[in-house]
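Work through the exercises below with the model open. Try each task before reading its solution.

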Amino acid sequence: MPMLPALTRRHLLKTSAALSSVGSFWSHTVCAQSNMPATKFSALTTLFQQAVASHKTPGAVAAICHKGQTLWQGVFGQQALIPSPEPMSWNTLFDMASLTKVLITAPAIMQLWERGLFKLDDYISTYFPQFGTNNKSHVTIRHLLTHYSGLPADLDLSTPWSGKQTAFTLAMNSSLEHKPGEKFVYSDINFLILGFLVEKLSGQPLDVYATQNILQPLGLKRSFFCPDPALKPVIAPTQFNENNTLLRGDVHDPTARRIGGVAGHAGLFSCADDTLTYAKALLARRAGLPSAYPLRPQTVVLMSTPQQPKGRADLRGLGWDIATHYSTPRGDIFPPSSFGHTGFTGTSLWLDPDTQSAVIILTNRVHPYGKGNVIALRHDVATAAALALHTF
């Protein structure tokens, strides 16, 4: 591999030196390969410790995998701060937020595409005729997957409403803010509709379809929608809802919550172990290696390479982010061929198919009052991880 640019190396050295003075507090890190120097990923530990110490997030669970092996994993800070402090655990369950889009809804859609049930450039109004109102008749499935539909960011939440049918009606009646294919606008409505499409084409509720066709084939036992209330003690809480009740096991996203917790854009709960298993399987399948990932290799490549309308600068795959203003989890080193996604609650996954590596960061940065921020942490961890992986 080529040498890293001198500017990048100097930047990380400067960053690491600046962080070396951070005080220590509860944390645990593991180098999972027995022959690996313990200091190889020490910059990651420092970055997470700083983020917790500066109240960017109450805690975090993170991991780095490479060619099917977990090279590093870390547990930092607190799972909960109120009503009383609880230490973070490797087994903590997180509200994955918008990672639901790429871990569940996009692959579910593409499984149905592999079965020949639709074409990517089919109009949504072909399957939902009521969607064709308000000049939306030319919005395609590809537009929804790449966030080039022209739809607004979310349904109107300014007035009380509840129920899946109401959400469906609101989504169908949405008005465009831009012409289809004209501009990248990240929209939860896009994947809300895709979730409805999975249900229409499969004849099953989204969570049932996902469990049978994605989670179970991958062997994921701690990933689900609407967690059992008995699991609350191991779920990282998020924020207070409109009734001043702390959300713990209830989805943070207000639209998904109004629907009942199962939506195409949010609602999945998962943990670090399952996310690692998912990432390893996806990367292996994409590379044509033995894998339980339930899509064909060429389909995974299609999903993780640019599929946006021609001539548009914001690069999106079919679900996955490639190069937009949301791509800070790439860091400074991972190549343009890498891809990933984030979740509003503080989760992120970034994958580099060239080296079969992935960076997983799970936090509940919104706990307890919505003031945390892990944007810089995601960027800096990816940069440090790529530097550490450079010698493999």
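Contact means heavy atoms within 4.5 Å. The model is predicted: local features need pLDDT of at least 70, side-chain atom pairs count only at pLDDT 80 or more, and totals for chains, interfaces and linings use all residues. Residues are numbered from 1 along each chain as its sequence is written, and side-chain values use heavy atoms, with hydrogens and water left out.

**Exercise 1. Describe how H3 packs against H7.**

Step 1. Two packed helices are described by the angle between their axes and the distance between the axes. Axes here are lines fitted to C-alpha atoms, for helices over the stretch in contact, and angles run from 0 to 180 degrees between N-to-C directions.

Step 2. Read the values. The axes of H3 and H7 (residues 206-215) come within 10 Å and cross at roughly 75 degrees. H3 is therefore roughly perpendicular to H7. Angles under 35 degrees count as roughly parallel, over 145 as roughly antiparallel, 65 to 115 as roughly perpendicular and the rest as oblique.

Step 3. Name the residues. H3 brings Leu103, Ile104, Thr105, Pro107, Ala108, Gln111 and Leu112, while H7 brings Leu206, Tyr209, Ala210, Asn213, Ile214 and Leu215.

Step 4. Sort them by class. The contact has 10 nonpolar, 3 polar and no charged residues. Ala, Val, Leu, Ile, Met, Phe, Trp, Tyr, Cys and Pro count as nonpolar, Asp, Glu, Lys and Arg as charged, and the others, Gly among them, as polar.

**Exercise 2. Is serine 357 buried or exposed, and which side chain does its own side chain meet in a polar contact?**

Step 1. Serine 357 lies in strand S12, residues 357-363.

Step 2. Its relative accessible area is 1%, so serine 357 is buried.

Step 3. A polar contact is a pair of N or O atoms within 3.5 Å; within protein, one must be able to donate a hydrogen and the other to accept it, and residues adjacent in sequence count only if both atoms are side-chain atoms. The side chains of serine 357 and histidine 66 make one at 2.8 Å.

Step 4. Among the other contacts of serine 357 are Trp350, Asp352 and Leu389.

**Exercise 3. Examine the backbone at proline 83, proline 368 and asparagine 135.**

Step 1. Recall the background. Most residues other than glycine have a negative phi, and most peptide bonds are trans.

Step 2. The bond from isoleucine 82 to proline 83 is cis, with omega near 5 degrees. Proline 83 is in the loop between strands S3 (69-80) and S4 (86-87).

Step 3. The bond from histidine 367 to proline 368 is cis, with omega near -5 degrees. Proline 368 lies in the loop between S12 and H11.

Step 4. Asparagine 135 is not a glycine, yet has a positive phi of about 65 degrees. With a relative accessible area of 70%, asparagine 135 is exposed.

Methods. Helices (H or I, at least four residues) and strands (E, at least two) are DSSP runs, numbered from the N terminus. Buried means under 20% relative accessible area, exposed over 50%, partly exposed in between (1.4 Å probe, protein chains only). Lists of a residue's contacts leave out its neighbours within four places in sequence.
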